[in-house]
Structure formats: structure tokens, C-alpha cells
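Q: Hello! I would like to learn how to read the features of a protein model, one step at a time. Could we go through one together?

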Amino acid sequence: MTNVATVASDEPETDGTDNRSEDPVTVPPQATLILTKTAIGKFQVGSDGQYLLSLTNLGPTEDPGPTVITDDLPEGLSYVSATSLDAECIESDGLVNCTLLEPLAVDATVEIILTVHVGQAAYPSVTNTAMVTTPTELLIPSEPIGSETVDVESDPLSSVMY
């Protein structure tokens, strides 16, 4: 944005080139971002489980990005897939990075479905945490970290007696 000041006088002007001044001011984006992580359904050793990651921008400005949601999978969970219409997700060694494809408008929400394989180390419960990074200044009450603790059922085949 540019701040403009002008001056005028009732007296005759001899040099009108100095009656206006402009000062460009950079206004950084500021947003309240809320990240939530919710388990979908039950988690059982030997099966796949899913999380819904939702990122919402409550404003007052859009988040132009680049905005990245990072999920460092804990022991017992291994990456299967991540799908979203609004983000591109890449996994490497259990670290899932989902980069938003577009700026996040005010009152907009991006959703990601993260599918993981549940291993024995996740039993009897597992806590999985994701976080948001962005160059946008986060305002209070932003919640850039979403965490979910899930009870994990044992593998039903492990209790079968032969």
C-alpha cells in the first residue's frame, strides 16, 4: 500500500513538484490459522487408519503461502497415502509434507486425508502431531499444531490360539 500526502495553498505556487509525497508501506499478511487433526474410524494393528487434517484461515488476510503442513509420523505408523484437492503431499522417511497449491483465503479450509498403516509399536495408543509453517504472521488465537491420540486395538489374529 502507498501512503500519499499532498499540500495545497491559497497563495500562488512557484514549484508544484514538491506538493505531493508518496511513501510505500509493506503490510505483511496476518492470519489466524487453525489446524485440526481427527482420527477417522478405529485404528487396529495390522490395518490402515486415517486422519483428517483441516486447516482453516480465520483472517483478517489471506495466507499467500507457501504454506506447508508437516506430519512426522510416530513409531508404529507408516505412510500409505495423502490425498487432497488443495495440497500436494510428499513423504520421505515418515515425514509427510503437504504444500498448499493456492493461497488460503479468509474463511477457507483445506482438507487432507492421511492414510497410515498401523504397526505393533502403535499399540495400545499412538499420538500423532502435525504442524503448519507459513511466512504469514500468525495472530492469536492461531493453533498451528494439531494433535490426536488414538486408542489402537490389538491384531485380532495375535490372540488366536492354535
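This is a predicted model: local features need pLDDT of at least 70, side-chain atom pairs count only at pLDDT 80 or more; totals for chains, interfaces and linings use all residues.

Q: Which strand holds Ser 147?
A: Ser 147 belongs to strand β13, which covers residues 145–153.

Q: Is Ser 147 buried, exposed or partly exposed?
A: Buried means under 20% relative accessible area and exposed means over 50%, with partly exposed in between. Ser 147 has a relative accessibility of 41%, so it counts as partly exposed.

Q: What is Ser 147 in contact with, beyond its neighbours within four places in sequence?
A: Its partners are Lys 37, Thr 127, Asn 128 and Thr 129. With Thr 129 there is also a polar contact between the side chains, at 2.9 Å.

Q: Where does the charged end of Lys 37 sit?
A: The charged end of Lys 37 lies over the ring of Tyr 51, 4.8 Å from the ring's centre.

Q: How many disulfides does the whole structure have?
A: A disulfide is a covalent bond between the sulfur atoms of two cysteines. Searching the whole structure turns up 1 disulfide. The partners are Cys 89 and Cys 98, with sulfur atoms 2.1 Å apart.

Q: Are Cys 89 and Cys 98 buried or exposed?
A: Cys 89 has a relative accessible area of 18%, so it is buried. Cys 98 is buried too, at 4%.

Notes. Residues are numbered from 1 along each chain as its sequence is written. Side-chain values use heavy atoms; hydrogens and water are left out. A charge sits over a ring if NZ of Lys or CZ of Arg is within 6 Å of the ring centre and within 35 degrees of the ring normal. Helices (H or I, at least four residues) and strands (E, at least two) are DSSP runs, numbered from the N terminus. Buried means under 20% relative accessible area, exposed over 50%, partly exposed in between (1.4 Å probe, protein chains only). Contact means heavy atoms within 4.5 Å. A polar contact is a pair of N or O atoms within 3.5 Å; within protein, one must be able to donate a hydrogen and the other to accept it, and residues adjacent in sequence count only if both atoms are side-chain atoms. A disulfide is a pair of cysteine sulfur atoms within 2.5 Å.
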